[in-house]
Amino acid sequence: MKKLLVATGGGDCPGLNAVIRGIVKRAKKSKEWGVYGSMEAFNGIFTDPLRIVKLTGKKTAGIHIKGGTILKTTNKADPLHYPVKDENGNIQLVDKTKMFVDRIKDLGFDAVINIGGDGSQKISKAFFDHGLPVVGVPKTIDNDLSATDMTFGFQTAVQIATDSFDKLVTTAESHHRVMIMEVMGRDAGWIAIHTAIAGGAEICLIPEIPYDIEKLVQKIESRYEKGRGFVCIVIAEGAKPKAGSIVARQGEEGSRHVRLGGVAFQLSQQLKDAGVRAEIRETVLGHTQRGGTPTAFDRVLASLFGVKAFEMVMEGDFGKMVAFKNNSFISVPLEEATRNYNHVGVDSFIVRGAKGLGITFGD
Ligand code: F6P
């Protein structure tokens with residue numbers, strides 16, 4: 001039997017378990033491969049004892065409906081920027097790709113499926129460049145990978161955000177308030193714009209379109225003048241004013257990412273400073289958007305990604321990532337998959353369409 005190693009890396013995301021189950025189910029039919037999972041991304045291959053689990057049909061039965069990942073995950077310990085203490089005790093991030101690849105090979109694995117977002121697929125590419133047969137599976141609630149029309153987890157996040165938005169509308173209406181709801185997405189406004197359209201927001205602020213606070217004040221005032229009496233705003237965590245910067249904090253030790261979150265409060269203060277007299281309330285959805293059970297769409301997408309990824313392993317189609325393009329499941333070279341970031345196009349139809357629905361972006 002050949003040995004396949006599976007890992008989930010980066011932030012978790014609804015649908016990861018469905019991918020794992022899809023791989024295991026398809027592998028079982030092949031009768032040629034045993035599937036193993038490394039716990040907490042690739043950390044499991046270095047611990048003593050090893051934290052590598054055999055992924056059987058029994059172990060993965062029914063997990064497709066569960067959020068999170070049975071393999072756990074981390075966004076630290078990136079092989080390309082691996083935290084190592086120098087002689088002064090300071091953490092330095094160094095490239096340890098070769099150490100990871102050698103270890104995986106020494107453990108007798110014939111191939112790897114790496115499930116993760118942009119950062120994880122850069123790791124997949126580095127592994128492949130170092131001679132490891134690897135297939136990538138894209139995940140992220142942010143939907144910011146350009147090689148695939150959709151990542152699983154995104155639809156679930158939008159549904160959670162929309163359900164929350166709907167609840168905020170009724171309370172905004174009752175109190176004649178301005179409600180600001182902050183959603184995730186890092187540098188992409190996909191969750192925000194989809195939620196704003198689905199929920200019927202008056203204002204949507206995304207990283208791709210820096211906003212002018214005066215334009216927002218005009219919109220809010222005109223709503224109150226018309227007697228509508230409330231305003232609901234969706235703001236992406238990476239949105240920024242034309243004059244000013246985003247709200248970001250230093251990530252944890254070993255993590256290369258800044259931590260976003262808090263723009264709702266910044267916007268609230270800016271609106272008050274600019275003269276908005278209505279009461280304003282802020283809601284930061286945070287990690288609720290990544291939790292819980294995946295929607296049916298995400299379960300389907302993730303399960304089929306799992307099957308496709310395993311078939312790529314069987315066919316020796318390595319150095320590629322599974323993608324969903326024009327309603328088809330295809331494989332794209334990792335190089336291409338990690339080249340461009342998937343931003344919301346400023347002149348795209350989704351933005352023009354949202355404007356057509358009366359949504360203001362503050363540009
Ligand atoms: O990339 C997914 C994501 O959920 C972003 O939308 C968010 O900024 C980030 O991860 C949060 O990361 P963490 O779980 O480390 O706080």
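**Entry 1: Glu-202 and Arg-223.** I looked up this pair and found a salt bridge, 3.5 Å from N to O (a side-chain nitrogen of Lys or Arg within 4 Å of a carboxyl oxygen of Asp or Glu). Glu-202 sits in the loop between helix 6 (190–199) and strand 9 (203–205), Arg-223 in helix 7 (residues 213–225), so the bridge ties together parts 21 residues apart in sequence. I took helices (H or I, at least four residues) and strands (E, at least two) as DSSP runs, numbered from the N terminus. Both residues are buried (under 20% relative accessible area; exposed is over 50%, partly exposed in between; 1.4 Å probe, protein chains only).

**Model notes.** This is a predicted model; local features need pLDDT of at least 70, side-chain atom pairs pLDDT 80 or more, while totals for chains, interfaces and linings use all residues. Numbering runs from 1 along each chain as its sequence is written, and side-chain values use heavy atoms, without hydrogens and water.

**Entry 2: other bridges.** I count twelve salt bridges by this rule. Lys-98 and Asp-102 form one at 2.6 Å, N to O. They are four residues apart in helix 3 (residues 97–106), about one helical turn. Lys-98 is exposed at 51% relative accessibility; Asp-102 is partly exposed at 32%. Next I checked Arg-281 and Glu-279, bridged at 4.0 Å, N to O. Shared partners join Arg-177, Glu-279 and Arg-281 into one network.

**Entry 3: ligand.** Which side chains did I find with an N or O atom by a ligand oxygen? Arg-290 has one at 2.9 Å. His-287 has one at 3.0 Å. Arg-186 has one at 3.3 Å.

Key:
A polar contact is a pair of N or O atoms within 3.5 Å; within protein, one must be able to donate a hydrogen and the other to accept it, and residues adjacent in sequence count only if both atoms are side-chain atoms.
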